Amino acid sequence: MSHTSCPHQQRWHTVLRRTQQRVERLPRTRISGRVVRATGMVIEVVGLKVAVGSACHIELPGMDDRPGQRRRQAEAEVVGFAGDKLYLMPLEEISGLMPGARVTPLGENSGHSARRFPLGESLLGRVIDGNGTPLDDAEPLDEAPRDTLDTPPLNPLSRAPIDTQIDVGIRAINALLSVGRGQRMGLFAGSGVGKSVLLGMMARYTRADVIVVGLIGERGREVQDFIDNILGPEGRRRAVVVAAPADTSPLQRLQGAAYATRLAENFRDDGHDVLLIMDSLTRYAMAQREIALAIGEPPATKGYPPSVFAKLPGLVERAGNAEHGGGSITAFYTVLTEGDDQQDPIADSARAILDGHIVLSRSLAEAGHYPAIDIEASISRAMTAITDAAQQRQARRLKQLFSRYQRNRDLISVGAYTPGHDPQLDEAVNRFPDLERFLQQNIEECATIDASRQALANVTGQPTQASAGGQG
């Protein structure tokens with residue numbers, strides 16, 4: 001009997017000790033405020049003095065409001081203030097909110113009560129929401145180390161330069177839009193032109209230690225589809241997926257993007273090379289717009305308040321290389337161009353702060369040209385630092401031939417083109433079928449850097465030479 005009860009006694013002692021430690025950490029006094037107004041997504045609270053970004057609990061009446069039972073609570077975050085009023089926004093839709101409901105800050109005092117989120121390698125292979133709660137029905141993350149989402153910015157002079165090309169497995173990108181380790185690229189596309197498939201190919205084929213995927217504001221169905229059909233079992237084993245679909249609150253979507261970036265920073269600080277994929281940066285901006293307009297910030301550029309354009313660089317600048325000899329975050333952000341308008345204010349702002357942009361063309365997608373990369377409108381700002389002169393010359397030559405053909409496409413289609421008058425156009429017409437084959441790639445096909453460079457040399461008819469840049 002003693003042998004069987006001993007393990008049970010030890011387990012109960014452990015539970016009691018942990019409970020005692022939690023009780024001892026509780027404050028002797030509790031500061032609280034009360035709800036005075038709720039309009040739309042914003043809840044106004046008086047009687048509290050806490051910092052913007054702090055988390056609070058709002059007590060709600062319900063079935064649990066009985067003796068010995070814990071009150072039902074909703075979690076909210078302070079998003080602004082005016083005088084002695086705090087503006088709170090709940091993390092999810094709440095029911096049963098009443099005037100005078102008690103609001104208490106999360107933490108031991110009334111200072112900055114920032115929430116702490118799970119981090120570390122125990123999250124690899126997991127799917128979590130913007131709060132760090134598992135969505136995959138696996139074991140909870142109670143034992144994972146936790147930290148806040150705020151990190152001090154890196155000194156720009158201490159960052160390692162982008163001097164090493166990474167292999168993304170896409171022939172057109174490896175050869176014409178080369179990406180360096182620590183670079184931040186934008187993927188500009190309208191809806192339904194294949195950006196998710198292209199992201200999935202990058203996730204599977206890119207040589208990175210860890211992949212962090214942030215699915216922000218997209219359809220809930222796409223989350224499961226991206227995990228099963230695009231990321232695949234092999235990619236998921238070394239990936240963390242943070243999902244904040246379109247039906248979540250704008251605060252959750254904003255938080256999901258910040259959490260995905262924080263996870264990537266944590267892996268980078270541990271010395272890993274991280275691939276960060278965020279779909280999409282536009283939904284992040286829209287979430288910030290919803291919050292800003294709800295608390296009374298005036299709209300500026302096409303309905304976007306100024307805080308939106310301040311938030312974007314704050315998020316993007318957190319990616320990139322660490323100090324010399326440290327890890328890196330190579331980031332791909334999708335930017336949804338409404339109506340294929342490349343001058344959309346979010347697209348224009350993102351283009352200015354990113355290290356390059358890949359534009360997907362609807363006309364190419366409708367013609368069955370995948371990936372539908374518009375090489376004339378796309379550019380990698382780090383390409384000259386990570387590729388040799390021969391590859392740069394070949395890339396320019398291919399773009400010239402492709403552009404010359406496109407400018408005369410209508411004449412060629414109606415039979416108005418006559419060979420012999422323009423040697424460059426003659427060469428473009430002769431090589432165009434090879435150019436199209438070079439730019440197209442099946443989803444199951446992986447094109448390495450060496451194979452991409454050799455194919456580029458063959459299609460342009462120009463000799464290649466040993467690479468002067470590094471490879472990853």
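Predicted model: local features only at pLDDT ≥ 70, side-chain atom pairs only at ≥ 80, totals over all residues.
Me: Which word describes how H5 and H6 lie to each other, and why?
Reply: The axes of H5 and H6 (residues 281–294) come within 8 Å and cross at roughly 135°. Axes are lines fitted to C-alpha atoms, for helices over the stretch in contact, and angles run from 0 to 180 degrees between N-to-C directions. Angles under 35 degrees count as roughly parallel, over 145 as roughly antiparallel, 65 to 115 as roughly perpendicular and the rest as oblique. H5 and H6 are therefore oblique to each other.

Me: Is the crossing of H5 and H6 left-handed or right-handed?
Reply: The crossing of H5 and H6 is left-handed. The term applies if the near helix is turned anticlockwise from the far one by less than a right angle; clockwise is right-handed.

Me: Which residues of H5 and H6 meet?
Reply: Pro250, Leu251, Arg253, Leu254 and Ala257 in H5 meet Tyr284, Ala287, Gln288, Glu290 and Ile291 in H6, where contact means heavy atoms within 4.5 Å. Seven of the residues in this contact are nonpolar, one is polar and two are charged. Here Ala, Val, Leu, Ile, Met, Phe, Trp, Tyr, Cys and Pro count as nonpolar, Asp, Glu, Lys and Arg as charged, and the others, Gly among them, as polar.

Me: What makes H6 oblique to H7?
Reply: The axes of H6 and H7 (residues 306–316) cross at roughly 140° and come within 9 Å. That angle makes H6 oblique to H7. Their crossing is right-handed. On the H6 side the contact includes Leu281 and Tyr284, and on the H7 side Leu312 and Leu315. The contact of H6 with H7 has eight nonpolar, two polar and two charged residues.

Me: What classes of residue are in the contact of H7 with H8?
Reply: The axes of H7 and H8 (residues 345–353) come within 10 Å and cross at roughly 35°. Among the residues of this contact are Phe309 of H7 and Ile346 of H8. Eight residues are nonpolar, one is polar and none is charged.

Me: How do you know that E1 and E6 pair?
Reply: Two strands pair if DSSP finds at least two bridges between them. E1 and E6 (residues 102–105) have two bridges, in the antiparallel sense; Arg34 has Arg102 as its bridge partner in E6. E3 (residues 55–60) pairs with E6 over three bridges, also antiparallel, and Ile58 stands opposite Val103.

Me: In what order do the six strands close into a barrel?
Reply: The order is E1-E2-E5-E4-E3-E6, with antiparallel pairing. From one strand to the next, the twist averages 45°.

Me: Why is the pair of Lys85 and Glu44 called a salt bridge?
Reply: The term requires a side-chain nitrogen of Lys or Arg within 4 Å of a carboxyl oxygen of Asp or Glu. For Lys85 and Glu44 the closest N and O atoms are 3.5 Å apart, so the pair counts as a salt bridge. Lys85 lies in E5 (residues 85–90) and Glu44 in E2 (residues 42–46), so the pair ties together parts that are 41 residues apart in sequence. The structure holds 23 salt bridges.

Terms used
Residues numbered from 1 in each chain as written. Heavy atoms only, no water. Helix = DSSP H or I, 4+ residues; strand = E, 2+ residues; numbered from the N terminus.
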